[in-house]
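Dear colleague,

I am handing over the structure we spoke about, and below it you will find my notes on what was found. Please read them with the coordinates open beside you.

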Amino acid sequence: MYTNSSNPTASIIGGLSVAIPGELRGWEYLHKRHGKLPWKRLFEHAIRVARDGFAVHARMALKMSDSPKFFTEDDLWAEVYAPNGTLVKEGDIIYQKRYANALQKLAEYGADYFYKGEIANNIIKAYKNHRIFSTSTPSSGSSVLAALKIYEGFPSTFDSDLSLHRLIQANKFAYGQRANHLKGPISVTQLSQAMFLHLNTKLIRHSYSEFLLESTAAAARLKINDSTTCENDFYNSRNYLVIDDHGTCHLAAADSNCMAISLTTTINLVWGSRVMTDDGIILNDEMDDFSSPNSTNAFGYAASPANYIEPYKRPQSSIASTIVEDLDRGGELRMVTGASGGSHIISTTLQYIYHRLEHGLGPEEIVRRPRWHDQLGNSTVLEWSNTGVGLIGFSNVTASYLFSLNYNISYEDPLDSSDGHIIIRDTSGQFHVATDPRVLTGF
């Protein structure tokens, strides 16, 4: 579909890039199992915001300025983002009347209206009569847990450069496992039979991954050299490409009954497929998260066959929404977390959990810690300081230490990194929360 196409953007722009949106069915399922409020009430605030308008914030204005002609060339997009013939700017009010009407119908008639009713017909119309089917997805929560499982065999010291090195090494092995051994579709039956595994005796999470077995983690742990890092093929033995997926949105919530949810949602690239339906719904370009045969990246990594497009399959995703329970206190809720930011999600969520479970940091301390990222690319990325949002980067001492271990170091602004949310419930039952300052700058 893509390798034989004359259109180099077929997997990211237009109808062929759109995968079937599964979110609404997921939310309907969660509501039926756990919801307390009437379904209709859940839509009220979103309908009001879409219909009454909201101000364009700095980040939205920046993302629109990247391709301003796109918003004026399509009547449906222009109706919202260029209502007077020119692109809106920061501070202007935009209105999503069509989207408000669509939400109103979903509130009235339920999720079936999205998949079988008028909205479904408008989606098919916007696809230009192409229908793309996909089912269960391999996300990356197991990659975060695999890294933790590898790391748990080491003693951990707060603010230790050696501990940082070991955690990065564990993360590298987790990314290598993700690229080389990605499983195919997971059925509901397989998922219900999945085993529960303990990490640090505090973290419990079901998984169908062999990489959470102690034997697998121990084998990887033995390969970690405290004196050096290694070339990427040491961690990624088959030289398969580590997918670099794209933007997302994350939220975490918990209530007084310790009901909790960590939710990550995405339409992939900014503005998705750039296809808008008559209902004002922006369609995703999730098909680009699949791998294509005979393709390699700049570092010579080939695409993994396990992530090729197949019927009844969803593309690989970095989503790693996580909930932590305390087994020492009967499984009490302790932490709800996750992140947005494409491929940075895995390393960010890993660091969130690490800082809490290993060193007991509070949520505000955690989100303000400097972060690193390494997905077996050409460098290990460290954040530099951004005093404008109160974030202090890694010290020169730490950077020099990693450099002495043969790390290829590069830097990025924290605002280009991932961001997320943390909810921590202490042993007295009090909630402590923090939103990553990396995201607040845009609003």
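**The annotated binding site**

An unreviewed UniProt entry lists T266, I267, N268, D289, S317, S318 and G342 under "binding site". Although these residues span 77 positions in sequence, no two of their C-alpha atoms are more than 13.1 Å apart, so they gather at one spot. Please keep in mind throughout that the model is a predicted one.

Two of the listed residues can be described in more detail. I267 is found in the loop between β6 (260–265) and β7 (322–326), and D289 lies in the loop between β6 and β7 as well. With a relative accessibility of 32%, I267 counts as partly exposed, whereas D289, at 5%, counts as buried. If neighbours within four places in sequence are left aside, the residues in contact with I267 are G272, I282, N284, D285 and E286.

**The sheet and the helix across it**

The strand β7, which ends that loop, also belongs to an open sheet of four strands, arranged in the order β7-β8-β12-β13 with antiparallel pairing. Its edges are formed by β7 and β13 (431–435), each of which pairs on one side only. On average, and with direction ignored, neighbouring strands of this sheet are turned by 10 degrees against each other.

Helix α14 (residues 344–359) lies across β7, β8 and β12 (419–425), and runs at about 150 degrees to β8.

**Salt bridges**

The structure holds 19 salt bridges, of which I describe a few here. R25 forms a salt bridge with E28, with the closest N and O atoms 3.0 Å apart; because the two residues are three apart in helix α1 (residues 23–34), they are separated by about one helical turn. R25 is partly exposed, at a relative accessible area of 28%, while E28 is buried, at 16%. This pair is also part of a network of salt bridges that links R25, E28, K32 and D112.

In helix α4 (residues 68–73), K69 and E73 are four residues apart, and therefore also separated by about one helical turn, and their side chains meet in a salt bridge with an N to O distance of 3.8 Å. Both residues are exposed, K69 with a relative accessibility of 59% and E73 with a relative accessible area of 58%.

The salt bridge between the side chains of E79 and R98 (2.9 Å, N to O) joins two helices: E79 lies in α5 (residues 75–81) and R98 in α6 (residues 97–109), so the pair ties together parts that are 19 residues apart in sequence. Here E79 is partly exposed, with a relative accessible area of 37%, and R98 is likewise partly exposed, at 31%.

**Cysteines**

Finally, the structure holds zero disulfides. Among the cysteines, C230 is partly exposed, with a relative accessible area of 26%, and C258, at 26% relative accessibility, also counts as partly exposed.

Terms used: Residues are numbered from 1 along each chain as its sequence is written. This is a predicted model: local features need pLDDT of at least 70, side-chain atom pairs count only at pLDDT 80 or more; totals for chains, interfaces and linings use all residues. Side-chain values use heavy atoms; hydrogens and water are left out. A disulfide is a pair of cysteine sulfur atoms within 2.5 Å. Buried means under 20% relative accessible area, exposed over 50%, partly exposed in between (1.4 Å probe, protein chains only). UniProt positions are given in the numbering used here, feature names are shortened, and annotations may be inferred rather than shown by experiment. Contact means heavy atoms within 4.5 Å. Two strands pair if DSSP finds at least two bridges between them. Axes are lines fitted to C-alpha atoms, for helices over the stretch in contact, and angles run from 0 to 180 degrees between N-to-C directions. A salt bridge is a side-chain nitrogen of Lys or Arg within 4 Å of a carboxyl oxygen of Asp or Glu.
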